[in-house]
Amino acid sequence: RALGLPRAGLIAIVLVVAVLEVPILLWFSAAADRWGHSRTVVAGSIATAVVAAVFLPLLAAGSLVLVAVAVAGARWASAPMWGPSGALAAETYPTEVRYSGASVGYQLGSIVGGALAPIFTTLLLASPLGIVGASGYLVLITVLTGVGALAAARYTRSQQAVATNPI
């Protein structure tokens, strides 16, 4: 309502983007096996950070075409992060605690990303920082995702080195 755009048009955009996202996710999932899971997630976080910088301004423009560009850009740029995320989470933990570790990570991520991110974004939008502050926050959390993927890759490599070269 705030954008003054037709609900049917917005729903159509989300549905079309979601359907087209499925093969993109599958492609990045397969490609991550060749490129490396963490490297693919880092690339996705960089692409998503770029899109996040312009996402809210595109939405605020009030044009159905720009909303479609924003939604498609955000979903498709994040596909390299979501495609290999399950494999990256699994390979980050030793076999003995793999399911527990991945589960705790997903649950904490759901709380921080799913509950706190919308609250912080809303607070920033209502603050004097407005859309610039909220966009900066979105960029920051996507960059943190890339940093986490790099840390997971380093940890995984160090664990593999220990496993192959016991003392």
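Student: Before we start, what should I know about the model and its numbering?

Tutor: It's a predicted model, where local features need pLDDT of at least 70, side-chain atom pairs count only at pLDDT 80 or more, and totals for chains, interfaces and linings use all residues. Residues are numbered from 1 along each chain as its sequence is written, and side-chain values use heavy atoms, with hydrogens and water left out.

Student: How many helices and strands are in the protein chain?

Tutor: There are 6 helices and 0 strands, so the order from the N terminus is α-α-α-α-α-α. Helices (H or I, at least four residues) and strands (E, at least two) are DSSP runs, numbered from the N terminus. Along the principal axes, the C-alpha atoms fill a box of roughly 65 × 35 × 25 Å.

Student: How do I read a helix pair?

Tutor: Two packed helices are described by the angle between their axes and the distance between the axes. Axes are lines fitted to C-alpha atoms, for helices over the stretch in contact, and angles run from 0 to 180 degrees between N-to-C directions. Take α2 and α3: their axes are 7 Å apart, at an angle of about 165°. That makes α2 roughly antiparallel to α3; angles under 35 degrees count as roughly parallel, over 145 as roughly antiparallel, 65 to 115 as roughly perpendicular and the rest as oblique.

Student: Which residues of α2 and α3 make the contact?

Tutor: Contact means heavy atoms within 4.5 Å. Among them are T40, V41, G44 and F55 of α2, and V67, A70, G73 and M81 of α3. By class, this contact has 15 nonpolar, 6 polar and no charged residues. Here Ala, Val, Leu, Ile, Met, Phe, Trp, Tyr, Cys and Pro count as nonpolar, Asp, Glu, Lys and Arg as charged, and the others, Gly among them, as polar.

Student: At what angle do α1 and α3 pack?

Tutor: About 25°, with the axes 9 Å apart; α1 covers residues 7-35. That makes α1 roughly parallel to α3. The contact includes L10, I13 and F28 of α1, with V71, W76 and W82 of α3. Its residues divide into 16 nonpolar, 1 polar and 2 charged.

Student: And where do the axes of α4 and α5 cross?

Tutor: They come within 8 Å and cross at roughly 125°, so α4 and α5 are oblique to each other. S85, G86, A89 and A90 of α4 meet R98, A102 and Y106 of α5.

Student: How do I look for empty space?

Tutor: Rolling a probe the size of a water molecule over the atoms shows where empty space is left. On a 1 Å grid over the protein atoms alone, a pocket is an open set of points where a 1.4 Å probe fits, with protein on both sides within 12 Å along at least five of seven lines; lining residues have an atom within 4 Å of a point. The largest pocket holds about 1,400 Å³, a volume being the space filled by probe spheres set on the points, which are joined across faces, edges and corners.

Student: Which residues lie nearest the centre of the largest pocket?

Tutor: M81, W82, G109, I141 and T145, out of 39 lining residues. α5 gives the largest share of the lining, 14 residues. By class, the lining has 24 nonpolar, 14 polar and 1 charged residues.
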